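These are my notebook entries on one protein model. I record below what I looked up, entry by entry.

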Amino acid sequence: MTLNFRFAIVSDLHIALPETIWNHPDRFHQVEVSIPAFESVLEHLTQLNLDFLLLPGDLTQHGEPENHAWVQERLSRLPFPVYVIPGNHDVPVVVASAQSIACADFPHYYHKFGYSNTDELYYTCQILPSVRLIGLNSNSFNAQGNQVGHLDEKQLQWLEEVLAQHSDELVLVMVHHNVVEHLPNQSSHPMAHRYMLENAPQLLEVLQRYNVKLVFTGHLHVQDVAYSQGVYDITTGSLVSYPHPYRVLEFNRDQHGRDCLQISSYRVESVPDFPDLQQTSRKWMGDRSFPFLIKLLTLPPLNLPLVQAQELAPSLREFWANIAAGDALFNCTHFPQEVGRYFEQYGAVTAEGTPALIDNNTTLLL
């Protein structure tokens, strides 16, 4: 049986109405462009005859009810189905506050966008004949009340039941936190581990057992395609961070049952008040990168002395912008050998050191 469909992914919108915008000198993302950037993307997507749109979390700046209301109203006017899940910014508190909605409120805002059952923060639905979407909630709170990326046992058990019941369908999984590492040793890195699902190995084992090959994530604000043991984790960068990307994907199953996924990536080039968005956004990120770089250099595994970190940081000004853009390649011969080897690991290369430029535009044979 042949199968063909087209869909898009827009991640980490961080929608912020003007009266809700907060400022911080180290803020990487430019929420000032959230609404015009999203409108620009929607103008493009409505011309493409999409089958559906996926939004893998962080729909709002920080869970503000007025921003959630804006998002759900805007989505309701689109000509194609939209499916969402919560990100950490969407449900930052267990109990509603003056600023943010509670976790339990999220499905009620988005009951038209996957949450036909508003009693849970996860769902499944058949989005096309023989195609099933599973939207997971990776936002949890530990014993200290801190928000972490974790799938509870009830949700994992539910997931297994759904997969067992629908083994004859193509299953797509959407979850906010990363499931496969997109950065070197991401699961254990003191700065990067919070972007990973804490119990990612447990989820991966379930997905592999039921031959689920495609997972769509966000949270990390980078363009990256990662692979582990049969599962592709396709993470999409943030619409409010350089390079303001989004993706259009086409799935094809031929008459012999061979599956492929073609991925094409686009960028928002300009919006009102930011006519050169790519240039100004990259500069914005570089201008605010110094504190981040000092941490990266002084924390494990490098553990450099502060003085040396301060000397090296200016030459790494473009580092995170290159990572965020995807398909980055680094030549660090001008650094001390140990430091150079470390940063070259972040490049889009295979274990053998061969360039593998698949983060933005590629075709995956599944």
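Helices (H or I, at least four residues) and strands (E, at least two) are DSSP runs, numbered from the N terminus. The model is predicted, so I kept to its limits: local features need pLDDT of at least 70, side-chain atom pairs count only at pLDDT 80 or more, and totals for chains, interfaces and linings use all residues. Residues are numbered from 1 along each chain as its sequence is written, and side-chain values use heavy atoms, with hydrogens and water left out.

**Entry 1: strand pairing.**
I looked up the partners of strand β2 (residues 52-55). Strand β1 (residues 3-9) pairs with β2 in the parallel sense, over 3 bridges. Phe7 has Phe52 of β2 as its bridge partner. Strand β3 (residues 82-84) also pairs with β2 in the parallel sense, over 3 bridges, and here Leu55 has Val84 of β3 as its bridge partner.

**Entry 2: nonpolar cores.**
I took a nonpolar core to be a set of buried Ala, Val, Leu, Ile, Met, Phe, Trp, Tyr and Cys residues joined through side-chain atoms within 4.5 Å. In soluble globular proteins, nonpolar side chains tend to be buried together. The largest core here has 66 residues, and Phe5, Val10, Leu45, Leu53, Val84 and Leu172 have the most contacts inside it. Helix α1 (residues 34-45) gives the largest share of this core, 6 residues. Apart from it lies another core, of 34 residues, including Leu297, Phe319, Ala324 and Phe343.

Which residues does Leu45 contact, leaving aside its neighbours within four places in sequence? With contact taken as heavy atoms within 4.5 Å, I found Ala8, Val10, Leu50, Leu53, Phe80, Tyr246 and Val248.

**Entry 3: helix α6.**
I listed the buried residues of helix α6 (residues 277-287): Leu277, Gln278, Ser281, Trp284, Met285 and Gly286. These residues pack against β13 (259-267) and α9 (319-325).

**Entry 4: salt bridges.**
I counted a salt bridge where a side-chain nitrogen of Lys or Arg is within 4 Å of a carboxyl oxygen of Asp or Glu. The whole structure holds 13 salt bridges.

Glu160 and Arg209 form one through their side chains (2.9 Å, N to O). Glu160 lies in helix α4 (residues 153-165) and Arg209 in helix α5 (residues 200-209), so this pair ties together parts that are 49 residues apart in sequence. Glu160 counts as partly exposed because its relative accessibility is 26%; for Arg209, also partly exposed, the value is 43%.

Asp259 and Arg253 form another (2.7 Å, N to O). Buried or exposed? Both Asp259 and Arg253 are buried.

Arg317 and Asp287 meet at 2.6 Å, N to O. This pair links distant parts of the chain, with Arg317 in the loop between α8 (306-312) and α9, and Asp287 in helix α6, 30 residues apart. Arg317 is partly exposed at 31% relative accessibility, and Asp287 is partly exposed at 40%. Salt bridges that share partners join Arg282, Lys283, Asp287, Arg317 and Glu318 into one network.

**Entry 5: backbone.**
I looked for cis peptide bonds. The bond from Tyr242 to Pro243 is cis, with omega near 5°, and Pro243 sits in the loop between β11 (231-235) and β12 (245-253). The bond from Pro300 to Pro301 is cis as well, with omega near 10°; Pro301 sits in the loop between α7 (290-298) and α8.

I also noted positive phi values outside glycine. Asp273 has phi near 80° and lies in the loop between β13 and α6. Its relative accessible area is 74%, so Asp273 is exposed. Asp327 has a positive phi of about 55° and lies in the loop between α9 and α10.

Definitions and conventions: Buried means under 20% relative accessible area, exposed over 50%, partly exposed in between (1.4 Å probe, protein chains only). Two strands pair if DSSP finds at least two bridges between them.
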